[in-house]
Amino acid sequence: MSALLKFLSSFFLCFLAFIFCSSPALAFCGFYVAKADAKLYNQASQVAIARDGNRTVLTMANDYQGDLKDFAIVIPVPTVLKKDQVRVGDPKIMQRLDAFSAPRLVEYYDSDPCARLEEFSRDAMRSNSVLQSPSAAKARRQESLGVTIEEKFTVGEYDILILSAKESNGLETWLTQNGYRLPNGASQLLQPYIRQGLKFFVAKVNLAEKAKSDSQNLRPLMMAFESPKFMLPIRLGMTNARGEQDLLVYLLSPKGQTELVNYRTAKIPSDLEIPTYVKSNFGEFYKAMFNTSHLKEGKSLAFLEYAWDMSSCDPCAADPLSPEELRGAGVFWLDNPNKDAALSNSGRRRPGFFPPTNNSNVFITRLHVRYARNTFPEDLSFKETSNRQQFQGRYILRFPFKGEMKCEAAKEYRKQLRDRQEKEAVILASLTNWNMQDIRRKANITQNQEKNVPFWRNIWRN
Amino acid sequence: MEQSISGFWGRFDRGRWSPHLTKLTTKLSNADGRIYQILFLSIFLGLGVIERDWSLSWSRVGITLSACGFTQVFFALLYQRFNSQDSAQRFPFSGLLSALVTGLSLCLLLRANSDLTMIFAAFTAIASKFIFRIRQKHWFNPANFGIAIALLFGSAWISPGQWGHDLWLMVVFASLGFAVLGKVGRWDTSLAFFASYAALEGIRNFYLGWETDVLLHRLSSGSLLLFALFMITDPRSTPNARLGRIFWAILVGIISFIFQNYLFISAAPFWALFVCAPLSVVFDRLFVGSRFGWLSKRPFAQFSLT
C-alpha cells in the first residue's frame, strides 16, 4: 500500500522551478511622457485582461524605475472612463498571475535500476517578476487646441485625466504646455487613435497621496469598460523604448482560450527533457530558448506560454488563484459566495465592476509578445474562443540514480543513461543555440560517452 | 490553363509511354477544378500542421471527411428519389468530390472541442447544398454555411491569425490559387473582392495616418488571401455573369470592410460572404442577359472551396 502511495505521490509531488527573464521589466502599452529630461525607456510590461462579451477589465503594471515626479503615461481607451471605472490594483495579483502561468521545470529522479521501478519527483518554484508602477504630471484645460478634459479624478496614488481630442497637433501641444515631455513623433502616433474616436487616459503620480501609501512601488492601474473593441494599443509604447520590448498578456475568459487575431501565435517549445544542470539557471535557459524561438520564427509572432482552466494546474507552478484573487485580477463573472460580506466590507474587498453572473469558469491564456516597430506594425487585436485545449511550457529534468548498483540491469541502465544525456544535450543546444561543448562539460557527460559520439557532433548539431 | 497542360504532356506523347500518357493527359486536362482543389487544399492542410503547428488530429480530419461523404450520398439519393427527372442520372459520384473539397475546407478553417461539432458542421454544410438551392445553384457556399452554423450554435471557433504573414506563404497561396482560378474562370471574383477591400483599407489607412506597412500587414494575412483565392470563388454559389460576379464580389469587399472596422467582427470576410451569398441569386436575375454569361453554357465545374 505504501508503495502505491509513494508511486502516486510521485505524480502529484512536483517540484517546479520557474524563472522568467532575469529582469522582466514591466511597462505600459502607452508611452511615458516625462516632465524632466530623464531618459525613460520601457522594455517590458504585464497586462491582464478579463473579458466576457464586451465587458472588459484591463489591468496594467509597469516597471517604471525613475523619479516618481517624472512619471506620466498616456493610454488610448475606447470610452470615457468615470472615476468608479478606475481602480488601483494589488501588485501581488499580477505576480500571482505570472507565477501561476509561468513556464515550469519538473524534476524526476531515476529509481535504482536494481529495484522496482519507482519515480520520485519534487518541485519548487521561484518567480522573480518584479512589479512597479507609474507616475505623472499636470494638466489644464485649453479648448482652443481641441482638447477636452472629459473626466478628472484621483485614484490611489494617481491623478487621472480622461482627454478627448480633435487633432493630434492640438493634443501634443496641450500635453507639452501642461508640462508633459513627449517623445519625438508623438503627434503622428496619436492621430490614428483620435480619428478612431478613442479617448486618452493620462495618469501621473500624486506625490501627496503616494506618501500616504505603504508600498514603495507604483501599483497597477485597472480600468473597466464596455467596448466591442478587443485590442491592446502597443504602438504608442514603441516611441520611448529602444529596440524590442517584452509584453506578457494574461487573458482571462469564462469560455476558453483567447487568440491573437492579427498576428500568428506559436506554442513555445514544451515537454522536453533537458540536462539537469539547467536547474540552477532555468531563467537563463528560458531567456535563451525564448530568444532562439523568437528568431527562428521570424520575430513577428506571439508565443503561447500557458493556456489552462484556472481551477486547476498540473503540475502547479503556484497555487491556483483564490476567487478573491481572481476578482482582484478583474474577473467579474464569478459567483459571489458571500455577497453580504462584500457589502459590509467593501473597503477591503473588490466587489467587481460588473454584477456577477452564474459562471465560475476562468480560463487563462498567457501570451508573450516581443515586439518592435518593424515586426509589429499594428496594435494587437484579440478574440475570445471556446477552445478548452490546455497548454503549458514545461521542461523536464531527469536525475540519474546515484546509489550503488550491483546487478546486470545496471549496465543496461548506464548505457541508456548515456544515450539519454546525449539526447538531452542535443535538445538543449538546439533550443538555446548554446555551444555543444559547453553543454557537455556542464552536464558532465562522461568521456566514455564522447567516444561513441561522431567527431562532427562537436561542431554540428542535429 | 488547359492548353498549357495538354501542351506539356503532349511532348511525351511520341514516346513509348504514349498510350498511357495520352490517357493521363486527357484525364488531367479534362479533370474538373475540384481535383486541383483537393490537391491544393491537402497541401495547405499539410503546411498548417507541419509549418504552423496546428493541433489538428488526423482522426478528426478523417471523421470530418467521412461525415461530408456520407451526408452527400444520403442527400443525393434522397434528391434523386424525389426528382423524377434526375432519376435517369447515374449515382452522383461527382458530388463526392465536392463533398471532399467542403470537408477539407472545414478541416482548414473550423476548430472545435469535439468531433461531434465537426460532424454537425459537415452535415449542415452538405445539407445546405440540397436544401438551399435554386436551378442547380446553391444559395450558400457549403463550407461557409456549415462553419457559420457551427460558430453560431456549437462550441467552435475559427482562427484568423493561424497563417501569419509570411511572404513565402503568400507566394504559395497566390500561385496555387491562380492555377485553380484559371481552370474555373473565377479570377475576376477574387480580384474584384481583393481590390475593393484593399482600396477601402487603403483609404482608411491614409485617413487615420498609419504608415504603409500597417496597410501591408493588414492585407498580407494568409487567411485573407486564402479567402479571396479559394472561398469566395465557388462557381456554384457566385453569380453566373461576369459583371454580376464583379459587383457581387465588390459588395462582399465593402461589407467585409464594415464588419472589420466598424463592427469589430474578426474573420469579417467570412461573415460578409455568409451575408452576401444568397444575394448571388438576385445578381443572377439582374445580370442574366449579360454577354458575360458564357460560363452558364458550360457544365458547372462544381467547385466549392471552403
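A: Two residues are taken to be in contact if their C-beta atoms, placed from the backbone, lie within 7 Å. The model is a predicted one. By that criterion, 27 residues of chain A are in contact with 26 residues of chain B. On the side of chain A that touches chain B, helix H4 (186-195), strand E14 (258-260) and strand E15 (264-267) each supply at least two residues. The residues on this side of chain A comprise 8 nonpolar, 11 polar and 8 charged.

Chain A contains 11 helices and 21 strands, and 46% of its 462 residues count as buried. Among its contacts between residues at least 6 apart in sequence, 83% link residues at least 24 apart. Chain B contains 14 helices and 4 strands. Of the 306 residues in chain B, 44% are buried. For contacts in chain B between residues at least 6 apart in sequence, the share that joins residues at least 24 apart is 77%.

Helix H6 (residues 115-131) of chain B has 17 residues. From its first C-alpha to its last, H6(B) reaches 24 Å, close to the 24 Å expected at 1.5 Å a residue. The buried residues of H6(B) are B:Thr117, B:Met118, B:Ile119, B:Ala121, B:Ala122, B:Thr124, B:Ala125, B:Ile126, B:Ser128 and B:Lys129.

The axis of H6(B) comes within 7 Å of the axis of helix H7 (residues 142-153) of chain B, and the two cross at roughly 135°. H6(B) and H7(B) are therefore oblique to each other, and the crossing in which H6(B) passes H7(B) is right-handed. On the H6(B) side, the contact is made by B:Thr117, B:Phe120, B:Ala121, B:Ala122, B:Thr124, B:Ala125, B:Ile126, B:Ser128 and B:Lys129. On the H7(B) side, the contributors are B:Pro142, B:Ala143, B:Phe145, B:Gly146, B:Ile147, B:Ile149 and B:Ala150. Sorted by class, the contact of H6(B) with H7(B) has 11 nonpolar, 4 polar and 1 charged residues.

B:Pro142 lies in helix H7 of chain B. B:Pro142 counts as buried because it has 32 C-beta neighbours inside 10 Å, the threshold being 20 or more.

The axes of H12(B) and helix H13 (residues 268-276) of chain B come within 8 Å and cross at roughly 130°. H12(B) and H13(B) are therefore oblique to each other, and their crossing is right-handed. H12(B) contributes B:Trp248, B:Leu251, B:Val252, B:Ile255, B:Ser256, B:Phe259 and B:Gln260 to the contact, while H13(B) contributes B:Ala268, B:Pro269, B:Trp271, B:Ala272, B:Leu273, B:Val275 and B:Cys276. The contact of H12(B) with H13(B) consists of 12 nonpolar and 2 polar residues, with no charged residues.

Helix H3 (residues 33-51) of chain B packs with H8(B) at an angle of about 165°, with the axes 9 Å apart. H3(B) and H8(B) are therefore roughly antiparallel to each other, and H3(B) passes H8(B) in a left-handed crossing. The contact involves B:Gly33, B:Tyr36, B:Gln37 and B:Phe40 of H3(B), and B:Leu176, B:Ala179, B:Val180, B:Lys183 and B:Val184 of H8(B). By class, these residues are 6 nonpolar, 2 polar and 1 charged.

Helix H9 (residues 187-208) of chain B has 22 residues, which at 1.5 Å a residue should span 32 Å; the end C-alpha atoms are 31 Å apart, in agreement. Just after H9(B), B:Gly209 adopts a positive phi of about 90°.

Terms used. Residues are numbered from 1 along each chain as its sequence is written. Chains are lettered from A and ligands numbered from 1 in the order in which they are written. This is a predicted model: local features need pLDDT of at least 70, side-chain atom pairs count only at pLDDT 80 or more; totals for chains, interfaces and linings use all residues. Axes are lines fitted to C-alpha atoms, for helices over the stretch in contact, and angles run from 0 to 180 degrees between N-to-C directions. Angles under 35 degrees count as roughly parallel, over 145 as roughly antiparallel, 65 to 115 as roughly perpendicular and the rest as oblique. A crossing is left-handed if the near helix is turned anticlockwise from the far one by less than a right angle, and right-handed if clockwise. Ala, Val, Leu, Ile, Met, Phe, Trp, Tyr, Cys and Pro count as nonpolar, Asp, Glu, Lys and Arg as charged, and the others, Gly among them, as polar. The expected span of a helix is 1.5 Å times one less than its number of residues. A residue is buried if 20 or more other C-beta atoms lie within 10 Å of its own, exposed if 12 or fewer, and partly exposed in between; C-beta atoms are placed from the backbone.
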